[in-house]
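Subject: Handing over a structure, with notes on what was found

Dear colleague,

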Amino acid sequence: MRRIFLSCAFPLTRIALECFSPNVFGALRCTLASVVLLGFGKFTGLRRPFKLFHLPLFVLSGALGFGVYLIFFNLGLESITAATASIIISTTPIMTAFAASFFYGEKLSKIGVLSIIGAFAGVLIILLWKGVFSINTGALWMLAAAVFFCAYNILSKRFIKMGYTSIDVVTYSIFTGALMLSFLLPKAYRELQSAELKHIAVFVYLSIFTTAGGYFLLGKGLQVAEKTSDLTNYMFVIPLMASILGYLLLGETLTAGTAIGGFLIALSIIVFALKGKPV
């Protein structure tokens, strides 16, 4: 279910950006999703932060996973296709596994290291397909978003090791992310007033199902996974689904660079999921 929510985010965000500016749309998604999760948490035993010094960590988590991440994500989708964006974001679990090998001692196998190299070679192909002097800036924004999402996953795992539940982590992180972007709400209100019904419907769907629901399910996965690298399972399905939806909803097609780089990334993720996980 989480993969369906994440796959829809790419083409639907491109539709939303026809009406909303990237910064404003990030603020809108964070705000509505935080309201939904706070309401959900009220009935599921949402706990207060255990210690005062955990609050700055939640602020950092909110920036990494929501506030800054969504802005980078939206900026990327202004100029690249849903398929290209989803392929780049699909490298996040491999980045996370690589980072977890440093922070949590999840040692990578040799095949795992080769898979990481292969995935980043695929990203470079997408970035530099037209030449070194015409780097795809949209792809760079999306790569930055993937790095931030990786850092969010690592920090979320730390919260879980502290004893927090997935609903605790996601709710407080997204709430702080919404607070960071709250200065954009007056502009968001003006853009909502001029938005068409389809754009409002996309905003509501992405906020409730992709942001609130998708991140909650991701948190659940981090909570039950023995190793952070378990998140790579079937991650290669997301670019496929996003590409199909991008074609059906937006008429997008793959460029040669995206197809070649995407194939290399998908192959690397599959090999990593089967043979390259930390031991």
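By class, the residues that line the second largest pocket comprise 10 nonpolar, four polar and no charged ones, where Ala, Val, Leu, Ile, Met, Phe, Trp, Tyr, Cys and Pro count as nonpolar, Asp, Glu, Lys and Arg as charged, and the others, Gly among them, as polar. Please keep in mind that this is a predicted model, in which local features need pLDDT of at least 70 and side-chain atom pairs count only at pLDDT 80 or more, while totals for chains, interfaces and linings use all residues. Residues are numbered from 1 along each chain as its sequence is written, and side-chain values use heavy atoms, with hydrogens and water left out.

The second largest pocket holds about 170 Å³ of space. Of the 14 residues lining this pocket, Ile87, Pro239, Leu240, Gly262 and Ala266 are the closest to its centre. Two or more lining residues come from each of α11 (237-250) and α12 (256-276), and α12 gives the most, with seven residues. Helices here are DSSP runs (H or I, at least four residues), as strands are (E, at least two), numbered from the N terminus.

Pockets and cavities are both found on a 1 Å grid over the protein atoms alone: a cavity is a set of points where a 1.4 Å probe fits but cannot get out, a pocket is an open set with protein on both sides within 12 Å along at least five of seven lines, and lining residues have an atom within 4 Å of a point. Grid points are joined across faces, edges and corners, and a volume is the space filled by probe spheres set on the points.

The structure has two cavities of 30 Å³ or more, and in the largest cavity there is about 140 Å³ of space. Among the 13 residues that line the largest cavity, those closest to its centre are Leu6, Ala9, Phe10, Tyr69 and Phe73. The elements giving two or more residues to this lining are α1 (2-16), α3 (54-77) and α10 (197-224), and by class the lining has 11 nonpolar residues, one polar and one charged.

I turn now to the helix pairs. The axes of α4 (residues 82-89) and α11 come within 8 Å and cross at roughly 170°, where axes are lines fitted to C-alpha atoms, for helices over the stretch in contact, and angles run from 0 to 180 degrees between N-to-C directions. That angle makes α4 roughly antiparallel to α11, since angles under 35 degrees count as roughly parallel, over 145 as roughly antiparallel, 65 to 115 as roughly perpendicular and the rest as oblique. In this contact (heavy atoms within 4.5 Å), Ala82, Ala83, Ser86 and Ile87 of α4 meet Ile238, Pro239, Ala242, Ser243 and Gly246 of α11.

The axes of α2 (residues 22-42) and α3 come within 8 Å and cross at roughly 135°, and α2 is therefore oblique to α3. Their crossing is right-handed, which is the case if the near helix is turned clockwise from the far one by less than a right angle, and left-handed if anticlockwise. The residues of the contact of α2 with α3 divide into eight nonpolar, four polar and one charged.

Best wishes
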